[in-house]
Amino acid sequence: MEGAILKFLLFIILVFVAIGHTNGQLRKGFYKSSCPQAEQIVQNITWKRVASNSTLPAKLLRMHFHDCFVRGCDGSVLIDSTANNSAEKAAIPNLSLGGFDVIDEIKTALENTCQGVVSCADILTLAARDSVSFQFKKPMWEVVTGRRDGRISKSSEALSEIPSPFFNFTSLKQSFANKSLTVHDLVVLSGGHTIGVGHCNLFSNRLYNFTGKGDSDPSLNSTYVTFLKTKCQSLLDNTTTVEMDPGSSLTFDNNYFSVLKQQKGLFQSDAALLTNKGAKNIVDEMLIAGKFFTEFSQSMKRMGAIGVLIGSNGEIRKKCNVVN
C-alpha cells in the first residue's frame, strides 16, 4: 500500500515538474491547447490591416524592437501613461510609434475567443513577424510563444535603453551587448531599415552643421546630401520624413546593405556600421539576399527572447494599454 502511495506521489511531483518546465520557457505553439486559433487570428487581422496599409510592417517591427530593448519583450511599450506615471509611450523615441490600434484589434478578437489566455507581449511579437511576412505570404521567421506581460512602463527607461540614431559604433555595440546581442545581430537587425521612414530631425545635422561649421557629414554620399536637402530644408524640420531605403522602403529585402555601401545610410547609426572592420564584413555578407533572410530570422528570434517574463511572472493583460 505504501509503495502505491509513494508511486502516486512521485507521479504527481513529475506532473508538476513537467508543467513547471513547459510553462518556464518559450516554446513553439504555446497556445496549441489553451487557444488553438490564436496564431491564425493574429495573422488574419495583421494581414488584413497590412493589405490596406503598406506602412504597417515598419511600424510594428519598430514597436517590437522598442518593446524588447526596454525591460525585455514584455509588452510594456503598449501601456498608457497615467496621472502618476509617464510610460514608455511618452518617451521621445516612442512618440512616432504607430500601429497600437492593430494590437488592440487583435487583443479584442483573442479575448472574445479565449479570454485571459494570450499575452500582449506575444501578440506584438507575432504581429511584427506576420506584418513583415505579408509580402511573402509565408512566415519569415519562427516565433516561440509563452511571454507574459510586464506591469511596469517608464519613459525614462525607454529614453536610456533604446539605441539612438545618433550613436557611433562603440555605443551601438554596447547597447546591443547589454541585451546579450552581438555585433552580428546589430548589423543584421539594422537591415530592418530596409522598410520605413526617418524623420528629418534625426539626420539633418549630417546635412547642415555636422562639425558646427555649417558643413555636411563627409561619410554621406554628396549627391545624396544634395537630394536630402531638398526634402529637409532646415535643422528645425521635425515633421518631414524620408525613406530609409530609397525607392524600396515598402519592400522587405536586403537593399539596405547596398544603399549603405553607397554611403547613403540615413542615420549616423547606419553609417557607423561601416566604421568597424568586423561589422563592415558582415554588411558585405548581407548583400546575398538568401543569407540576409536566414540571418535576420535568427537574430529576430534572439531579440524576441530578451528578458521575457515566463511561468508565473508578470500577467496576462486584459487590455494591452492598461495593467490589470
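User: Is Glu 142 buried, exposed or partly exposed?

Analyst: Buried means under 20% relative accessible area, exposed over 50%, and partly exposed in between, using a 1.4 Å probe and protein chains only. Glu 142 has a relative accessible area of 31%, so Glu 142 is partly exposed. One word on the background: this is a predicted model, where local features need pLDDT of at least 70, side-chain atom pairs count only at pLDDT 80 or more, and totals for chains, interfaces and linings use all residues. Residues are numbered from 1 along each chain as its sequence is written, and side-chain values use heavy atoms, leaving out hydrogens and water.

User: How many salt bridges does a search of the whole structure find?

Analyst: Side chains of opposite charge can pair when their charged atoms come close. The cut-off here is a side-chain nitrogen of Lys or Arg within 4 Å of a carboxyl oxygen of Asp or Glu. Across the whole structure, the search finds 16 salt bridges.

User: Which residue forms a salt bridge with Glu 142?

Analyst: That is Lys 28, with the closest N and O atoms 3.6 Å apart. Glu 142 sits in the loop between α5 (120-133) and α6 (155-161) and Lys 28 in the loop between α1 (2-23) and α2 (38-52), so the pair ties together parts that are 114 residues apart in sequence. The helices are DSSP runs (H or I, at least four residues; strands are E, at least two), numbered from the N terminus. Lys 28 counts as exposed, at 62% relative accessibility.

User: Are Asp 122 and Arg 147 buried or exposed?

Analyst: Both Asp 122 and Arg 147 are buried. Their side chains meet in a salt bridge, 2.6 Å from N to O. This pair links distant parts of the chain, with Asp 122 in helix α5 and Arg 147 in the loop between α5 and α6, 25 residues apart. Arg 129 and Asp 130 also meet through their side chains in a salt bridge, at 2.7 Å from N to O. Arg 129 is buried at a relative accessible area of 7%, and Asp 130 is buried at 2%.

User: Which residues are linked in a network of salt bridges?

Analyst: Lys 48, Arg 49, Asp 101 and Glu 105 form that network.

User: What is the phi of Lys 137?

Analyst: Most residues other than glycine have a negative phi. Lys 137 is not a glycine, yet its phi is positive, near 55 degrees. Lys 137 lies in the loop between α5 and α6 and is exposed, with a relative accessible area of 52%. Ser 180, also not a glycine, has a positive phi of about 60 degrees. Ser 180 is in the loop between α7 (169-177) and α8 (183-190).
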